Amino acid sequence: MRESMEFDVVIVGAGPAGLSTACRLMQQSQKEERELTVCVIEKGSEVGAHIFSGAVFETRALDEIFPDWKERGAPLNTPVTSDEIYLLKNAEKAQKLPNSLVPKTMHNEGNYIISVGNLCRWLAEQAEELGVEVFPGFPAAEILYGDDGEVKGVITGDMGIDAKGEQKADYMPGMELHGKYTIFSEGCRGHLGKQLINKYQLDSESDTQHYGIGLKELWEIEPSKHKPGLVVHGAGWPLTKETSGGSFLYHAENNQVMVGIVIDLSYSNPFISPFDELQRMKHHPIFKDTLEGGTRISYGARAIAKGGLNSLPKMHFPGGLLIGCDAGTLNFAKIKGTHTAMKSGILAAESIFTAISSEITVSNELSSFTEAFKTSWLHEELHQTRNFGPAMHKFGTYMGGAFNYLDQNWFKGKLPFTLHDTKPDHEQLKPAAECTDIAYPKPDNKISFDKLSSVFISNTNHEEDQPCHLKLKSEVIPVEKNLALFAGPEARFCPAGVYEFVENPENQQQQLQINAQNCLHCKTCDIKDPTQNITWQVPEGLGGPSYPNM
Amino acid sequence: MKILIMVKRVTDPNVTIRPNMDSSNVDLTNVKMAMNPFCEIATEEAIRLKEAGIASEVIVLSIGDKQSQDQIRTSLAMGADRGILIETDATLEPLNIAKLAAKVIEEEEIDLVLLGKQSSDKDNNQTGQMLAAIKDWGQATFASKLYISNEKATVTREVDTGLQTIELTLPAIVTCDLRLNTPRFASLPNIMKAKRKPLVIKPIEEFGLDLTPRFKMLNVESPQVREAGDILGSVDELLEKLKTTEGVL
């Protein structure tokens, strides 16, 4: 028998969505003088350790939860001072887009350049002050279902299990955490969120979800080149016509800049390596001139759910809610997901508090959430931008961009039709034989680096003696299908060198080696594997990257 | 028997650190901090002695900034009874830490002090020894086994030549090495309970000690990066390279 603990609300994941839910719940509980027990569990070794977004942040949702965030010392220190957008034509040339031609969603006046990790660290402090129990280092490993098929909580991961599945000296079994309501806010492609979507068929009325992979580095640059508040976005090179995505460079505080690339996982050429695209991208003068002479501090990667409103599944199910990027509330037209995730958390808290106060039984679904969502600014915002992603896919970067300019600036997203994009990303890969191999340049160790030295500064670490958390449904597919047909794309799309095809010394055959301890928890393998053979499971608590200021 | 354990807040050993821009110190902005792993081992050993009925109380002491409360709470969640934080924003040298600890030992009438053999951030390996000198107590450093009976501690030490077993009369100081035990994980209910365990915060001024530093840190640098080597195909090639490109033969 596992031990169990009872809470009113159990929240899985201490990101912007989960922590906003927790804070709003406690604010309401204090206002209405109704006691409430809320816990947040987080797989990272501390709050913020796995938060990768470092971002241009819109304060709308934060203003709603903590209108006095400035006085409370929220880590928003760098207001955006200017926006620059470039079309990168090749490795040398770029054309600056005049402001008047930029889609409105890409303007950033009034926003801040922040580390979302630091925002979460601060939000967790606020939550704890309000009386929330925050438990970093405890992953939710399994969903607990009740007799009527409702979610009644989660089980935290066991600690101290060795690679063979045996208990070690420090073995500690996971606990059952029971909640009247359980909130899943694991971020994009949460491993439990995925199970919930399948079990309750939450996506039966929505388009398939679409994803991107974001890779980013944090640099400390020469003070003379540092322009705090400058936001640079790039489109085009090094990505080709068939691959959509974009690059960014944000000047944050303390002489630091965040530089990175987002690549849509709908790409078709299996030879694409997002990691190497980032490395060569940095050599473009737009980025290189800023980075030269600086020091790279950190590196990381994370998948993002970018399907928008068309791909948004139903967010409620018996016993709980799926919120934030775990559902897919990111606004891709703004390339912003933090304020929308937070808003979904606020709405979740409000409907849960009403439900708990009115003693509705658990088997009742929180359909009130959907009503509140549909009348919120969050829905309005996502509705306005619903065509942005599909347009880029359908018409390509240039024509899609032009469509988006007209759609967003002239028609304010009110065109009376909706574009759909229904092919899942993992089905997009073409056989290697039909594609050209890409020869990426060697790193120069000044601007560009190799994968392993990059993974090193993500600070990722996993207890070595534990079962592999990347499960293969079939052991033969990696070689017989992925390698034979697609030239082993997992070795390239994984930004951390987890998947490696090596020769078996006994029979000289190729085999897949999984270096699970390198994993950055980005979830790309779970999304892009062409046969969906890889399932990302949660490793032992405390494992994973430790991102500072990302 | 009352046990005092000493715990230190250090940078998480799994995290890479670097000097700040003016090379005056290590940049610790938002770097993940943790309990020194050797202090976890000291905590675990103390709790085992309590569980075995040998210790009556386990008191955890940390000396550092306000956030060091986190590490005390971790110790309490593992099973220590109560905590004391001597709060200071200054970075204290081992001798000053030992002086402060000696004061606490007197106040609390401690019989056994367990601490890590060294901290993973500065690797000083001095505090335990200095504390033993100040108190004029017996000391056993680098302990990999600890056995207590009849006011005596039998300690196996990991020394350069192998293992050495010594006997000490209590009160005594024992510093813990890696193989002494495997620290437990704190469970969720224990983490919640630890929040309600007593933790006293004492301002450092209360102790009236002269804590003037004896060292001055001049500069912090990253270790030199080792350049990548070349893999050569044959001895001839090596000789050729040493003669021509390297010019050493």
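**Conventions.** Axes here are lines fitted to C-alpha atoms, for helices over the stretch in contact, and angles run from 0 to 180 degrees between N-to-C directions. Helices (H or I, at least four residues) and strands (E, at least two) are DSSP runs, numbered from the N terminus. Everything shown is a predicted model, where local features need pLDDT of at least 70, side-chain atom pairs count only at pLDDT 80 or more, and totals for chains, interfaces and linings use all residues. Residues are numbered from 1 along each chain as its sequence is written, while chains are lettered from A and ligands numbered from 1 in the order in which they are written.

**View 1. Helices α3 and α4 of chain B pack at about 50°.** Here α3(B) (residues 94-108) meets α4(B) (residues 127-135), with the axes 8 Å apart. That angle makes the pair oblique; the cut-offs are under 35 degrees for roughly parallel, over 145 for roughly antiparallel, 65 to 115 for roughly perpendicular, and oblique for the rest. Contact means C-beta atoms, placed from the backbone, within 7 Å. On the α3(B) side, the residues touching are P94(B), L95(B), I97(B), A98(B), K99(B), A101(B), A102(B) and I105(B). From α4(B) come T127(B), M130(B), L131(B), I134(B) and K135(B). Sorted by class, the contact of α3(B) with α4(B) has ten nonpolar residues, one polar and two charged (Ala, Val, Leu, Ile, Met, Phe, Trp, Tyr, Cys and Pro count as nonpolar, Asp, Glu, Lys and Arg as charged, and the others, Gly among them, as polar).

**View 2. Helices α1 and α3 of chain A cross at roughly 20°.** The axes of α1(A) (residues 16-31) and α3(A) (residues 116-129) come within 9 Å, and the angle makes the two roughly parallel. This time the crossing of α1(A) past α3(A) is left-handed. P16(A), L19(A), A22(A) and C23(A) are what α1(A) brings to the contact. α3(A) answers with V116(A), L119(A), C120(A), L123(A), A124(A), Q126(A) and A127(A). No charged residue turns up in this contact, which has ten nonpolar and one polar.

**View 3. Helices α8 and α9 of chain A cross at roughly 140°.** α8(A) covers residues 338-357 and α9(A) residues 367-374, and their axes come within 9 Å. The two helices are therefore oblique to each other, in a right-handed crossing. In α8(A), look for L347(A), A348(A), E350(A), S351(A), T354(A) and A355(A). They meet S368(A), F369(A), A372(A) and F373(A) of α9(A). The class count for this contact is six nonpolar, three polar and one charged.

**View 4. Seven strands of chain A make an open, mixed sheet.** Read the order as β6-β5-β15-β16-β17-β14-β18; strands pair if DSSP finds at least two bridges between them. β6(A) (94-96) and β18(A) (295-305) sit at the edges with a single partner strand each, so one side of each has no neighbour in the sheet. Neighbouring strands are turned by 20° against each other on average, direction ignored. Inside the sheet, β15(A) (residues 230-236) and β16(A) (residues 245-251) pair in the antiparallel sense over four bridges, with V232(A) opposite L249(A). Helix α5(A) (residues 274-281) packs on the sheet, touching β14(A) (211-220), β16(A) and β17(A) (256-264). Its direction makes about 135° with that of β17(A).

**View 5. Nine strands of chain B make an open, mixed sheet.** The strands follow the order β9-β8-β7-β10-β6-β1-β4-β5-β11. At the edges are β9(B) (162-169) and β11(B) (199-203), each pairing on one side only. From one strand to the next, the twist averages 30°. β1(B) (residues 2-6) and β4(B) (residues 57-64) pair in the parallel sense over five bridges, and K2(B) has E57(B) as its bridge partner.

**View 6. Helix α2 of chain B is largely enclosed by the rest of the structure.** Eight of the ten residues of α2(B) (residues 69-78) are buried, meaning 20 or more other C-beta atoms within 10 Å of their own, with C-beta atoms placed from the backbone. They are Q71(B), I72(B), R73(B), T74(B), S75(B), L76(B), A77(B) and M78(B). Just past the helix, G79(B) takes a positive phi of about 145°.

Technical notes. Contact = placed C-beta atoms within 7 Å. Buried ≥ 20, exposed ≤ 12 C-beta atoms within 10 Å, placed from the backbone. Left-handed = near helix turned anticlockwise from the far one by under 90°.
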